[in-house]
Amino acid sequence: MKNSAFSALSRRRFLQAGSALLAASTLDLLYAKSAIAQAVSQAMPLFSALRPARRGILTAAHWGAFEAIVEQGRMVAVQPVADDPAPNELIEMAPWQVHAANRIRYPMVRKSWLENGPGSRTELRGRDEWIRVSWDDAIKLVSQQIARLQADFGPASIYAGSYGWKSTGMLHNCRALLGRLMNLTGGYLSYSGDYSTGAAQVIMSHVMGSMEVYEQQTTWPDVIAHTELVILWGCNPHTTLKNSWNVPDHVGLAGFAALAEKGTRVITIDPVCNPGAKALKAEWIAPKAYTDAAMILGIAHTLLTEKLHDEAFLKRYTTGFDKFRDYLLGKDDGTAKTADWASAVCGVEAETLRKLARDMAGQRTMIMAGWGLQRQHHGEQPHWLLVTLAAMIGQIGLPGGGFGFSYHYSSGGSPAARGGILSGISAGEAPANAPQPIPVARIAECLANPGKTIAFNGREITYPDVKMVYVAGGNPFHHHQDTNNLLKAWQHPETIVVQEPYWTATAKHADIVLPCTTSYERNDMDMGGDYSQRYVFPMHQCVAPQHEARNDYDIFLAIATRLGVAQGFSEGRDEMLWLKSLYDNMKLQARHAGIPLPPFDKFWQSNNYIRFPVPPENRDWVRFADFRADPLLNSLGTPSGKIEIFSQHVAKMHYQDCPGLPGWLPPVEWHGSEIAKKYPLSLNTAHPVNRLHSQLDNTPLRKKYAVSDREAILINSRDAEARGIRSGDLVRAFNDRGQILVGAVVTEDIRPGVVRISEGAWYDPSDPAQPGTLCKNGNVNCLTFDIGSSQLAQGNCGHMAQLDIERYRGEAPANSAHAVPPGAA
């Protein structure tokens with residue numbers, strides 16, 4: 001405390017502020033929020049971290065913090081907080097989220113399940129009738145199944161991994177709350193990894209000693225000042241940076257704007273030239289889909305043979321380059337990975353690859369890579385090779401140089417603030433007999449194949465017999481690959497419970513549906529700035545819970561009560577006491593950092609948010625600078641302590657689909673595979689611009705992106721002309737796994753032979769009883785395949801598939817993706 005700013009404050013001034021604060025506590029709490037905010041601001045001059053709302057009720061979402069305007073009990077409008085440098089228009093959909101026509105209004109149970117018990121007519125999921133039940137009955141039914149299965153089959157019989165982009169909020173974190181409940185009642189089958197970075201996070205742990213994909217990046221002020229060449233490899237940050245896992249600070253968008261203003265050279269490597277790349281005046285290099293690994297090898301071979309690589313860096317900071325050198329030169333397989341060889345695979349001219357190698361070595365270069373590269377078969381290879389490429393250039397740990405895998409995600413590179421961290425509610429400790437988690441993307445295989453054993457990162461995992469699935473805060477019918485295969489696997493469990501505000505496809509395919517509130521119908525808090533941790537936002541209840549919806553915490557507490565673990569779940573706290581506990585812990589951290597904050601009740605009444613200061617030394621931070629300065633003292637978390645271009649640990653696993661050295665491994669589907677003769681077009685699945693994955697697909701934002709009321713498909717003019725397709729036409733995209741209806745956008749901004757369909761469209765089968773039926777809304781996962789990226793990571797392959805398209809003829813079927821199922825209105 002001796003050196004803190006807080007200790008330097010005048011004791012007299014602090015006591016004066018405390019007296020004023022006590023006086024403020026007598027305020028009539030019925031005063032307008034703005035009046036309370038003004039009074040608190042006047043009473044607490046020392047609390048400089050507080051930022052007042054200007055007009056409405058403070059709350060937040062994945063797309064930004066904002067103030068809700070409420071009139072006569074309805075949310076009618078929003079406005080962004082004053083600090084947001086790049087407000088996201090998605091916040092304007094908050095009123096539509098609350099008052100959506102397809103809200104789940106009441107607890108519902110599938111008729112066959114209710115009448116005949118668990119496991120009854122599971123093939124009718126998605127088309128059975130629904131029966132309304134009371135909350136007491138719904139809680140009883142769910143509790144009975146948990147108790148029965150724990151007693152008869154053990155925790156491995158209940159999959160409660162509940163993966164997904166749950167709503168923001170540290171208390172009503174339904175994923176943590178579900179885990180908390182299940183741990184208290186005996187344990188459950190959970191998951192490891194995620195759909196976003198399944199392959200990269202595993203391989204990077206072997207290569208760099210950390211996952212890298214979620215690490216802090218060299219900060220934006222440093223990049224703006226020092227980087228001469230930015231390589232955007234397979235990412236579209238102008239879309240993905242609009243949202244965050246917590247609440248965005250949108251600093252990343254401001255960073256890219258600064259690069260554009262400065263005129264920093266940018267090259268985008270992607271089969272699609274995105275609007276964001278155009279705004280940066282980026283040079284566009286468009287490889288054939290799924291060939292990035294080959295392209296990187298051609299660049300690396302040029303660096304090696306033209307002696308542009310940094311031999312000293314490789315010798316001091318890496319291990320295994322000698323083996324990679326031999327691989328590049330073709331000493332083992334007889335094939336040198338020259339630029340000409342790479343060009344034949346990736347479709348980029350050899351001279352372009354050679355020039356790119358020279359430019360990257362001759363300028364201070366930052367490689368900013370996306371995650372779509374690794375959501376592919378052999379997805380471990382591109383990120384491993386990009387690290388190897390950066391190591392050959394030798395700029396890792398230098399200002400403005402190296403690589404970063406999260407500049408496109410949640411404002412990686414936003415300088416870290418000094419203050420307190422708001423911790424969320426804990427899922428608790430897993431019981432000693434809790435089952436081994438499964439790789440998250442293998443859930444359909446797990447459900448369909450109890451007893452099957454798979455390899456995973458050096459060990460073996462045997463799938464249990466899952467009899468119950470509990471989904472809260474997720475939407476498997478959006479994020480999982482090969483939807484028609486998932487439909488078959490989804491019939492295996494006896495009971496599926498879905499806790500959800502809307503009638504998504506996942507909810508429609510459940511047995512028991514529990515309607516929960518949106519984040520705007522309850523009280524919560526969250527951090528702003530996933531990497532900066534600069535803000536704390538109160539999320540005030542804006543409107544009353546709609547229909548019979550209940551808060552996630554209250555739902556799980558009711559189940560915990562019935563199962564006899566209420567005290568362990570609640571610890572004697574209600575919603576506001578939990579929020580006070582979370583706030584007080586954060587406040588203590590802030591005090592030690594020299595940032596005084598008011599008591600919780602005054603903070604909550606004030607309708608203020610918190611903005612912590614960013615220390616000057618945090619604005620110019622360089623990732624791996626300490627490692628570069630002293631690789632022995634600051635060694636990496638790898639066995640060698642260095643960057644492992646060759647991994648002995650991976651090599652000992654003897655996986656043919658992921659050996660110990662990175663390289664080119666042709667995927668199961670690509671333009672050079674046998675299946676491409678039947679399905680010649682390569683699929684690129686993008687993040688949507690006007691929603692977050694599947695969230696907000698049921699809002700008026702559809703008018704901005706839907707074509708003929710379907711998900712859009714980008715088609716190169718040559719591919720469209722060959723098939724008689726024009727912009728605005730309805731198009732059937734299809735392969736052996738499924739078929740979808742999409743709307744054509746014919747453009748020169750996509751490479752011939754590639755089509756792009758954004759993920760996230762709600763699944764809408766034309767005939768739910770018919771396997772492989774047409775999805776009328778364009779859910780792209782009807783076309784993707786469900787295999788692991790490799791035996792090492794078992795990540796998903798959601799970014800790729802071969803397909804064909806044709807103009808849809810006949811009367812367009814009605815889109816019912818957002819309709820309420822019969823009997824559920």
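These legends accompany close-up views of a predicted model.

**View 1. Helix H24 and the residue that follows it.**
Just after H24, Gly594 takes a positive phi of about 85 degrees.

**View 2. The salt bridge between Glu67 and Arg54.**
The structure holds 46 salt bridges, one of which is formed by Glu67 with Arg54, whose closest N and O atoms are 3.8 Å apart. The pair links distant parts of the chain, with Glu67 in strand E3 (residues 64–71) and Arg54 in the loop between strand E1 (50–52) and strand E2 (57–61), 13 residues apart. Glu67 counts as buried because its relative accessibility is 1%, the cut-off for burial being under 20%.

**View 3. The salt bridge between Glu311 and Arg325.**
In the salt bridge that Glu311 forms with Arg325, the closest N and O atoms are 2.9 Å apart. The two residues belong to separate helices, Glu311 to helix H13 (residues 311–317) and Arg325 to helix H14 (residues 321–329), and the pair links parts of the chain that are 14 residues apart. Glu311, at 38% relative accessibility, counts as partly exposed, and Arg325 is also partly exposed, with a relative accessible area of 23%.

The side chains of Glu669 and Arg737 meet in a salt bridge with an N to O distance of 2.8 Å. Glu669 lies in the loop between helix H27 (648–651) and strand E25 (681–684), while Arg737 lies in the loop between strand E27 (730–735) and strand E28 (738–747), so the pair ties together parts that are 68 residues apart in sequence. Both Glu669 and Arg737 are buried.

**View 4. The lining of the largest pocket.**
The largest pocket holds about 670 Å³ of space. It is lined by 32 residues, of which Asn236, Thr239, Asn274, Pro275 and Val689 are the closest to its centre. The elements that give two or more residues to this lining are helix H9 (237–240), helix H10 (251–262), helix H11 (275–279), helix H28 (702–705), strand E26 (712–716) and strand E29 (754–757). The largest share, four residues, comes from H10. By residue class, the lining of the largest pocket divides into 17 nonpolar, eight polar and seven charged residues.

**View 5. The lining of the second largest pocket.**
About 330 Å³ of space lies in the second largest pocket. Its lining is made up of 19 residues, and those closest to its centre are Gly164, Lys166, Arg175, Tyr191 and Trp245. The lining of the second largest pocket divides into nine nonpolar, six polar and four charged residues.

**View 6. Glu212 in its loop.**
Glu212 is found in the loop between helix H7 (198–207) and helix H8 (220–226), where this residue is buried, with a relative accessible area of 2%. The C-alpha atoms of Glu212 and Pro399 are separated by 18 Å, and the two residues are 187 residues apart along the chain.

Phi of Ser162 is near 50 degrees, a positive value in a residue other than glycine. Ser162 is placed in the loop between strand E7 (158–159) and helix H6 (174–184), and it is buried, with a relative accessible area of 4%. Lys307, likewise a residue other than glycine, has a positive phi near 55 degrees and lies in the loop between helix H12 (292–305) and H13. At 69% relative accessibility, Lys307 counts as exposed, whereas Ser162 is buried.

Notes:
Residues are numbered from 1 along each chain as its sequence is written. This is a predicted model: local features need pLDDT of at least 70, side-chain atom pairs count only at pLDDT 80 or more; totals for chains, interfaces and linings use all residues. Side-chain values use heavy atoms; hydrogens and water are left out. A salt bridge is a side-chain nitrogen of Lys or Arg within 4 Å of a carboxyl oxygen of Asp or Glu. Buried means under 20% relative accessible area, exposed over 50%, partly exposed in between (1.4 Å probe, protein chains only). On a 1 Å grid over the protein atoms alone, a cavity is a set of points where a 1.4 Å probe fits but cannot get out, and a pocket is an open set with protein on both sides within 12 Å along at least five of seven lines; lining residues have an atom within 4 Å of a point. Grid points are joined across faces, edges and corners, and a volume is the space filled by probe spheres set on the points. Ala, Val, Leu, Ile, Met, Phe, Trp, Tyr, Cys and Pro count as nonpolar, Asp, Glu, Lys and Arg as charged, and the others, Gly among them, as polar.
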